[in-house]
Amino acid sequence: MDHLANKIANYRYQDGFRKDLVFDGGRSMILVAASAYDAGGLIGPEYNGLLVIDSDNNSIVLEQHMRENSGSQGPTRSQRAEFDRLSNMTEWRDFASWLKSAPGFKGGVPDIDQTEPTRPSLNAIVLKAARDRTVPGLPGDDILPEVLRRGHDAPENGYEFPLRTRLDMAAFIAGHATYAERRRVAHLAWNIKVHGADMSGKVENGEAAIDPAFDELWAAHAEENWSDVFRAACNEGLREYVGGEASTYPGSDQGDFTFQTRGRQGGYLVLTEWRGMRMGFGSHDEFVDMLLAMEPNDLAALYGAVVCFDKDIQPERIFADNVAFLRERQEKKWADPEVAEMAARKLGLEDWTHPSRTPAPAAI
């Protein structure tokens, strides 16, 4: 059994040793029997024991409770017993009393002395669902527009929009990948790095018309001009996004999106503005406030757009398609045998001949 299989708040734990405790009104805490501390990949099994996270306030309130010499074999018998005991607590008063008296309690629980817990705010509920990367099924009215509902019910459109409520949509968007800049401003982001760039120009079921007879010549051309071909394919893939031409299903929102690239060599596509609204935020708490302040129709439209971009932004496939179109354009220039054979000689393919010069097979 892998005692380090899971991670939460820099602690590692094995399956079965996390318990989400929910009390009256939806007040929640996370209880974990941790086996080790993960300091950026440096694993310390000497830092183990019970961990409590106030999930409504996103803070660690107790850690390394009942710590043993090592957690390399998983929770000890005493740690397991205490985890099981606390996992069965259902009354806030009982849990809060234990937590307050536990050695190493860090404080910071605003309702620790209250008989009844404080009901979590909508912001806290959405933040928790976003952190857990779940589709939580949070309550509320169905705000999905009819056009997206029809799209969801028609699989041939290629998109699914399963969420219905304002809280679910906000949690989905808030849980999306982001890119944080040095100024501590973050944006919704999509990783557009291309790994193992396919420069062949061959795409299964692709739309570009290419001729296998030019495989050798294109391979030599692409190798000789690798940087130019790579850059051109990337720029073409980004053009609709950074040029303000992006749109999402059903295609009526072109002009709503302002994208820019970020990161080393532009490895991330970030949404900086949407419908004239700045989409940068300093914290997820601030971002959730912004999402919950939106009109329901706006929030649903942004949700639908993010779903579409998640499906559409496939860097490797887009790159391969664009290389194929670059090859198609180049092959049109090579339709002239003299042009193609001169290019082949410059590329060191002395024996290469244009396919039009290949004799037709003899009639049988």
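1. The note opens with strands β3 (18-22) and β4 (28-34), which run antiparallel and are joined by 5 bridges; strands, like helices, are DSSP runs numbered from the N terminus, a strand (E) having at least two residues and a helix (H or I) at least four, and two strands are said to pair if DSSP finds at least two bridges between them. This is a predicted model, in which local features need pLDDT of at least 70 and side-chain atom pairs count only at pLDDT 80 or more, while totals for chains, interfaces and linings use all residues. Residues are numbered from 1 along each chain as its sequence is written, and side-chain values use heavy atoms, with hydrogens and water left out.

2. Within this pairing, R18 has V32 of β4 as its bridge partner. The two strands β3 and β4 form a hairpin with 5 residues between them, and G25, in the turn, has a positive phi of about 80°. D24 is also found in the loop between β3 and β4, and its relative accessibility of 48% is why it counts as partly exposed; here buried means under 20% relative accessible area, exposed means over 50%, and partly exposed covers what lies in between, with a 1.4 Å probe and protein chains only.

3. Strand β7 (residues 49-54) is mostly covered, since 6 of its 6 residues are buried. In turn, β7 and β8 pair in the antiparallel sense over 4 bridges, and V52 has L62 of β8 as its bridge partner. The hairpin of β7 and β8 has 4 residues between the strands, and N58 takes a positive phi near 55° there.

4. A search of the whole structure finds 25 salt bridges, a salt bridge being a side-chain nitrogen of Lys or Arg within 4 Å of a carboxyl oxygen of Asp or Glu. One of them joins D38 and R12, whose closest N and O atoms are 2.9 Å apart. Because D38 lies in strand β5 (residues 36-39) and R12 in strand β2 (residues 11-13), the pair ties together parts that are 26 residues apart in sequence. D38 counts as buried because its relative accessibility is 3%.

5. Another salt bridge is formed by E63 and K106, with 3.1 Å between the closest N and O atoms. E63 lies in strand β8 (residues 59-65) and K106 in the loop between α2 (92-101) and α3 (122-131), so this pair ties together parts that are 43 residues apart in sequence. Both ends are partly exposed, E63 with a relative accessible area of 25% and K106 with one of 47%.

6. The side chains of R239 and E245 also meet in a salt bridge, at 2.8 Å from N to O; R239 counts as partly exposed at 41% relative accessibility, and E245 is partly exposed with a relative accessible area of 35%. Elsewhere, R27, D54, D56 and D111 are linked in a network of salt bridges.

7. Some backbone values deserve a reader's attention, because most residues other than glycine have a negative phi, and most peptide bonds are trans. A9, in the loop between β1 (6-8) and β2, has a positive phi near 50° and is partly exposed at 35% relative accessibility. Q64, which lies in strand β8, has a positive phi of about 55° although it is not a glycine, and its relative accessibility of 24% makes it partly exposed. The peptide bond from Y249 to P250 is cis, with omega near 5°, and P250 is found in the loop between α7 (226-242) and β11 (257-262).

8. Finally, P315 lies in helix α10 (residues 315-333) and counts as buried at 14% relative accessibility. P315 and K193 are 122 residues apart in sequence, yet 6.6 Å apart in space from C-alpha to C-alpha.
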